[in-house]
Amino acid sequence: MKFSAPQRLSDLANLTSSRIIGDEHKLVLGINEIHKVEEGDITFVDHPKYYDKALNSAATFVIINKEVPVPEGKALLFHSDPFSVYVGIVKHFRPFQPSEKRISDSAVIGAGTVIQPGAFIGNHVKIGSNCVIHANVSIYDHSEIGNNCVIHSNTVIGADAFYFKRRPDHYDKMLSCGRVIIHDNVELGACCTIDKGVSSDTIIGSGTKLDNHIHVGHDTVIGKNCLFAAQVGIAGVVTIEDDVILWGQVGVQKDLTIGKGAVVLGQSGVGKTLEGGKTYFGSPTQDARQKMKEMAMVKQLPEIFEKLKAI
Amino acid sequence: MKFSAPQRLSDLANLTSSRIIGDEHKLVLGINEIHKVEEGDITFVDHPKYYDKALNSAATFVIINKEVPVPEGKALLFHSDPFSVYVGIVKHFRPFQPSEKRISDSAVIGAGTVIQPGAFIGNHVKIGSNCVIHANVSIYDHSEIGNNCVIHSNTVIGADAFYFKRRPDHYDKMLSCGRVIIHDNVELGACCTIDKGVSSDTIIGSGTKLDNHIHVGHDTVIGKNCLFAAQVGIAGVVTIEDDVILWGQVGVQKDLTIGKGAVVLGQSGVGKTLEGGKTYFGSPTQDARQKMKEMAMVKQLPEIFEKLKAI
Amino acid sequence: MKFSAPQRLSDLANLTSSRIIGDEHKLVLGINEIHKVEEGDITFVDHPKYYDKALNSAATFVIINKEVPVPEGKALLFHSDPFSVYVGIVKHFRPFQPSEKRISDSAVIGAGTVIQPGAFIGNHVKIGSNCVIHANVSIYDHSEIGNNCVIHSNTVIGADAFYFKRRPDHYDKMLSCGRVIIHDNVELGACCTIDKGVSSDTIIGSGTKLDNHIHVGHDTVIGKNCLFAAQVGIAGVVTIEDDVILWGQVGVQKDLTIGKGAVVLGQSGVGKTLEGGKTYFGSPTQDARQKMKEMAMVKQLPEIFEKLKAI
């Protein structure tokens, strides 16, 4: 998330009772989790395993729980609990705003767009022209939808990222400040859920069509003209390139890429990055033909057993 | 879909700028996609691979992109893009009607039926007597529900078919003009989706019970007294006969039949027609006992490897 | 379910046209299905296979279709159709109450709790303080939610148990009189369904977090600080102990236990009780490392085939 105006690092330090190490005069442009951080942003790190990654990332500011040398051109915020500092900043700049009305006065809705009864349109939502938002759809604050989109009933756009930090005796919630951005000519089936980015945007590219009961996790970026069949589940921070086809009930794990034009057959489980232009099957996925061969061989096992007995 | 009154072929030709080949005086009774076409209907074909199928189908009228001899007793509509002609006719006769109210004035609701708060009842919906439609259910236009049915919260009845035509740089939507028909004594769990037929009807037979999160695709026909456990997904144009039991998370591919009394165990994937009266397991499904044997043999592979090493 | 006041057995006999065998002066405290029955409760049995289990259960009263000796300290209700007697009692003491309003006047909602537009709050629902109930959530009658909970949009709490009795030509519904109880600091994602107990309570322990599209069946009891990823499905009468992690699309069959701290990898199917503290994979689940080994061996099958050919 970019702040609506640049923030003084010293103000963030005061807000969160943390201590500046380095140049306190720099202005902070936004806040992002490490996967999506950009120059001018502040991010956080609290585990020695990731110190180097965070300090060498694009982030200009790092909230950290160890006093380390300040990298060139950057500044640090020191605090014993960087996660809480990060969440505190998010809470301050993107507080939850209860809605008084079913369609927020701050929502911007384009010409020719139909909002059916029972649909909820949150604060600062933008919807383009000639869309149909069907009955009982829920669109959380700050979501953006392009032109000529159809969102079927009871679909939920912009619910919070499923992202929690393990503490000794409970989980702490990572507050989400990202958005959902849906481009033009997208159709989402009924009872889908597209979570907002935890700090960046979850994006669905133009012309992509989703069937019913599909889950898209936080910060996942989906290309153009993809087709996903019913009950597909895609975790967070996934990249799906253009023209990908996922058949029904496919599951996709977090933080991987599915290349342009890949086809994944039904009920498969994608556990690592897949090259484009190929067809995959299985849980975990393999090349579909290879998987079919394996399954044929398993069927021949009784014969092998007989042969071995005879030896 | 049958038209509310028979239509002159010449009017359809004018509406869609297409050209009649054959007898222009015949009356067109309805419009249907090739899977569900009946005598008196108009259908379309745009790929040489399917010309013969369409021309020899029950359809009395075929929209086609090649000048071919007119089959006995039929007539053709010639156009370079039959898909667009078909969609144009659907759009004309079954345009999307936005709803002003949560419960449409044109809906017919039987005695003793309870509509809970937040439920959306579209135009021309019919609901029988002694039903309960729970909170935040969404029922699209033209759906029909029998007597003594229970529809649990946030279920969606009659969303559009997931049916798109690939064009060089985008997908074109096949507009749906079919319906959902639910017979008596059916119970649907929460967060289910029953899509309307693309041109015909999606049907759920009497006494059938669905658990939560179940997807039923367009034009699928389900028999009587079936039981489907949670998160089952059934594609379009499937026939499921009476007394079929599908356990949780089963997936069923399109355009196949599951025979009477078949049982499919949890997480299985049905990829082809299954004979009735048997139990199945696996993805893709096999006879359940056969599959169990295979899995037992896979567990013996270490032993085989040892034996082979010794040879 | 406990009755709001103890009931005379003779009144229940009159209500259901059944006949008392044994001491008619005892008071009945509640009604429960056999899995959850307690002392003072009435339960039912209608199959010889389960007579002994029911008669020796904690139940003080048993509705039965055979004249048997009355166990010490108990009493029986004789009827040819015990299931109907049981359902008749449930219907009398927990009749369905249609809701006139979106938020029932009998609901009790704590300080600082936000109810977003379109959320339905049924009769006698209790919600603690500082919760957020997002748009178009549906909460059925008698559900209870603790403090600091977040329920995301279009989630359904308290729909009926999926529990039917097979009759010769149809299914009869087991009416649900149980509740959903959600403890403090729970977060439920969007489009989840938590069914009420059929006669007891479905419980989600404090600090547990559910992603989207998750199904939790009737009478299932989930411990503290569990994490379930999207599209997990859990059947009825399951016990999940504390700190269990279920990855995406895992399915769990009914009437089993998953031990404390167990981890089940994505798309696995849990078919029997799992010991805590271990990691599982597969459908049905095995120890994850064992399963990985098996899969590696299957990949070596072509090599084995070659070796065998050479023999």
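# Briefing: chains A, B and C of a predicted model

In chain A, strand β1 (residues 2–8) runs antiparallel to strand β3 (residues 27–31), and 3 bridges join the two. Strands here are DSSP runs of E with at least two residues, helices are runs of H or I with at least four residues, and both are numbered from the N terminus. Two strands pair if DSSP finds at least two bridges between them.

This is a predicted model, in which local features need pLDDT of at least 70 and side-chain atom pairs count only at pLDDT 80 or more, while totals for chains, interfaces and linings use all residues. Residues are numbered from 1 along each chain as its sequence is written, chains are lettered from A and ligands numbered from 1 in the order in which they are written, and side-chain values use heavy atoms, with hydrogens and water left out.

- In β4(A), I42(A) is the residue opposite I31(A).

**The sheet in chain C**

- Chain C holds an open sheet of 8 strands with parallel pairing, in the order β7-β10-β13-β18-β21-β24-β27-β30.
- β7 (108–109) and β30 (257–258) of chain C are the edge strands; each has a single partner strand, so one side of each has no neighbour in the sheet.
- The partner of β30(C) is strand β27 (residues 239–240) of chain C, and the two pair in parallel over 2 bridges.
- T257(C) in β30(C) stands opposite T239(C).

**How the chains are related**

- Chain C is superposed on chain A by a rotation of 120 degrees with 0.0 Å of shift along its axis, at an RMSD of 0.1 Å.
- These two copies are thus related as by a three-fold rotation axis.
- Superposition is by least squares on the C-alpha atoms of residues with pLDDT of at least 70 in both copies.

**Interface of chain B and chain C**

- The contact (heavy atoms within 4.5 Å) takes 39 residues from chain B and 51 residues from chain C.
- About 3,400 Å² is buried between chain B and chain C, with 61% of it on carbon and sulfur atoms. Buried area is the accessible area (1.4 Å probe) that two parts lose on being put together, summed over both.
- Of the area that chain B buries against chain C, 15% comes from Q267(B), F305(B) and L308(B), more than from any other three residues.
- There are 3 salt bridges between chain B and chain C, a salt bridge being a side-chain nitrogen of Lys or Arg within 4 Å of a carboxyl oxygen of Asp or Glu.
- D243(B) and R166(C) form a salt bridge through their side chains, at 3.4 Å from N to O.
- Across this interface of chain B and chain C, 28 residue pairs are in polar contact, both residues at pLDDT 80 or more. A polar contact is a pair of N or O atoms within 3.5 Å; within protein, one must be able to donate a hydrogen and the other to accept it, and residues adjacent in sequence count only if both atoms are side-chain atoms.
- On the side of chain B that touches chain C, two or more residues come from each of β22 (209–210), β25 (227–228), α4 (288–299) and α5 (301–310) of chain B.
- α5(B) gives the most to that side of chain B, with 4 residues.

**Interface of chain C and chain A**

- Here 39 residues of chain C are in contact with 52 residues of chain A.
- Chain C and chain A bury about 3,400 Å² between them, and carbon and sulfur atoms give 61% of it.
- The count of salt bridges between chain C and chain A is 3.
- E187(C) and K173(A) meet in a salt bridge of their side chains, at 2.7 Å from N to O.
- The residue pairs in polar contact across the interface of chain C and chain A number 27, both residues at pLDDT 80 or more.

**Backbone exceptions**

- Most residues other than glycine have a negative phi, and most peptide bonds are trans.
- The peptide bond from S283(A) to P284(A) is cis, with omega near 0 degrees, and P284(A) lies in the loop between β33 (279–281) and β34 (286–287) of chain A.
- H124(B) is not a glycine, yet has a positive phi of about 65 degrees; H124(B) is in the loop between β9 (120–121) and β10 (126–127) of chain B.
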